[in-house]
Amino acid sequence: MENDLQQGEEEEQKQLIDKKELTQESSSSSSSSDSSDSSCSESDVEEAASSRSSKRKRHPTETQQQANKQSRTHSEMSSEGHAAPSGDCVFCCDDLTEENYVEYRAVPDGPWLKSIYCQPCLETHFIQGQWQKYLDSIAAADCAAALRRVLSAPPPINVKDAGLPCKDNGYNEEVQSFWFSSDKQVHSAKLVGSLEGEARDKFWSEKQAFLTATELQEELAKAEAAKEKEKEKEKEGK
Ligand SMILES: [Zn+2]
């Protein structure tokens, strides 16, 4: 469908776009669209169009995908705007290869960034494990102060980790999507079990109410203890 010449051109354009998006990101964190750029020159339009076409290419049909797998080389792979795997997973220390390499996006249409975690670690410890860890940390909070710390930010929706920096992305620093080298597909960054919309609001207000109740209980207990002490003193005084 596409010849090598086109792919080469697109690679160059994609690199330009990535650079452009990076500079846009650093100047205004909330800008997200291709075409709403106020300084929309002809080359911007061309770049946006090319960006859209390369996005379509990231969702190949199954047959295309199989054909791609058979003929894919390193340089062809990076022509889609993805880097070649290098280094180790910082979680399990396995080599990052085309079988387990992952990239992520900090903003919906932003550049793809290298994940320092391999796909199995990302799936197990983050996508599948992070929501339960959050619930566990709420359950384990044994005083109001600990609970306040756990509930200092609203419930997570997507993967969030210091190892996958998404600084000031306007989405609570949560990852927006993943790209797996193993299937060349974009994957959701939503945590298994995490809540959205009304369910999330309800969960959050329940936790806030629980925090308030815990704080109140602690204050009552403190007041009670102070009273007891006062009584002891009175007894000793007599
Ligand atoms: Zn790993």
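Two strands pair if DSSP finds at least two bridges between them. Helices (H or I, at least four residues) and strands (E, at least two) are themselves DSSP runs, numbered from the N terminus. The structure here is a predicted model, in which local features need pLDDT of at least 70 and side-chain atom pairs count only at pLDDT 80 or more, while totals for chains, interfaces and linings use all residues. Residues are numbered from 1 along each chain as its sequence is written.

**The chain as a whole**
- The chain contains 8 helices and 4 strands, in the order α-α-α-α-β-β-α-α-α-β-β-α from the N terminus.
- Of its 238 residues, 18% count as buried (20 or more other C-beta atoms within 10 Å of the residue's own; exposed means 12 or fewer, partly exposed in between; C-beta atoms are placed from the backbone).

**Strand β1 and its partners**
- Strand β1 covers residues 102-105 and pairs in the antiparallel sense with strand β2 (residues 113-114) over 2 bridges.
- β1 also pairs with strand β3 (residues 177-180), again in the antiparallel sense, over 4 bridges.
- Tyr-104 stands opposite Leu-113 in β2 and opposite Phe-178 in β3.

**The β3-β4 hairpin**
- β3 pairs with strand β4 (residues 185-188) in the antiparallel sense over 4 bridges.
- Phe-180 stands opposite Gln-185 in β4.
- β3 and β4 form a hairpin with 4 residues between them, and Lys-184 in the turn has a positive phi of about 55°.
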